[in-house]
Amino acid sequence: MRRCRAIGFTLDIDPVALGYPLQALVRIRPLPGKLHVVQQLIKDLLEVVKCDKVTGEKCFFARLHVRTIGDLDEILDCIADKAETNTVIVKAQPVRPRMMPLDR
């Protein structure tokens with residue numbers, strides 16, 4: 001038998017209203033021997049609001065909110081000697097974070 005518990009609440013804050021108009025998704029692939037260093041670096045970056053460690057090439061997918069492209073460049077520069085990155089800028093979010101269906 002599955003047990004479901006509803007815990008907590010969600011607060012939806014508009015990053016743009018707080019001065020963070022740019023959102024980026026970054027695939028981060030640590031260089032050999034740098035996995036744990038990169039993982040800690042990602043945790044320490046306050047601009048990273050979400051990060052998933054995915055299967056495959058020991059990659060991370062991070063979502064960042066930044067004020068300027070210059071800020072994004074500074075963050076990527078901090079990672080450059082420890083990992084390969086691939087970055088895209090988010091234009092829109094047609095589906096905002098939402099609850100998964102519970103009735104299925």
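A residue is termed buried under 20% relative accessible area, exposed over 50% and partly exposed in between, with a 1.4 Å probe and protein chains only. By that criterion, 21% of the 104 residues of the protein chain count as buried. The model is predicted, so local features need pLDDT of at least 70 and side-chain atom pairs count only at pLDDT 80 or more, while totals for chains, interfaces and linings use all residues. Residues are numbered from 1 along each chain as its sequence is written, and side-chain values use heavy atoms, with hydrogens and water left out.

**Fold and overall dimensions**

- The protein chain contains two helices and four strands, where helices (H or I, at least four residues) and strands (E, at least two) are DSSP runs numbered from the N terminus.
- Along the sequence, these elements of the protein chain follow the pattern β-α-β-β-α-β.
- The protein chain is more spread out than a compact globule, because its radius of gyration of 16 Å is well over the 13 Å that the globule rule gives for 104 residues; the radius is taken over C-alpha atoms, and the rule is 2.2 Å times the number of residues to the power 0.38.
- Taken along the principal axes, the C-alpha atoms of the protein chain fill a box of roughly 45 × 35 × 20 Å.
- Among contacts (heavy atoms within 4.5 Å) with a separation of 6 or more in the protein chain, 67% are between residues 24 or more positions apart.

**Nonpolar core**

- The largest nonpolar core has 18 residues, of which Ile-28, Leu-64 and Ile-79 touch the most other members; such a core is a set of buried Ala, Val, Leu, Ile, Met, Phe, Trp, Tyr and Cys residues joined through side-chain atoms within 4.5 Å.
- At least two residues of this core come from each of β1, α1 (35-44), β3 (59-66) and α2 (69-79).
- Leaving aside residues up to four places away in sequence, Ile-28 touches a set of residues including Val-38, Ile-42, Phe-60, Ala-62 and Ile-79.

**Salt bridges**

- Side chains of opposite charge can pair when their charged atoms come close.
- The whole structure holds three salt bridges, each defined as a side-chain nitrogen of Lys or Arg within 4 Å of a carboxyl oxygen of Asp or Glu.
- Asp-12 pairs with Arg-96, with the closest N and O atoms 3.0 Å apart. Asp-12 lies in the segment before β1 and Arg-96 in the segment after β4 (83-89), so this pair ties together parts that are 84 residues apart in sequence. Asp-12 is exposed at 60% relative accessibility, whereas Arg-96 is partly exposed at 40%.
- Arg-29 pairs with Glu-84, with the closest N and O atoms 3.7 Å apart. Because Arg-29 lies in strand β1 and Glu-84 in strand β4, the pair ties together parts that are 55 residues apart in sequence. Arg-29 is partly exposed at 31%, and Glu-84 is partly exposed at 39%.
- Lys-82 and Asp-81 meet through their side chains at 2.8 Å, N to O; Asp-81 is exposed at 52%.

**Surface**

- The protein chain exposes about 8,500 Å², of which carbon and sulfur atoms supply 55%; accessible areas come from the Shrake-Rupley method with a 1.4 Å probe, and for residues only the protein chains shown count as cover.
- Phe-9, Leu-11, Ile-13 and Leu-18 make a nonpolar surface patch of about 510 Å². Patches are made of residues with over 30% relative accessible area and no salt bridge, with like charges joined within 9 Å and nonpolar side chains (Val, Leu, Ile, Met, Phe, Trp, Tyr) within 5 Å.
- Leu-11 lies in the segment before β1 (22-30) and is exposed, at 64% relative accessibility.
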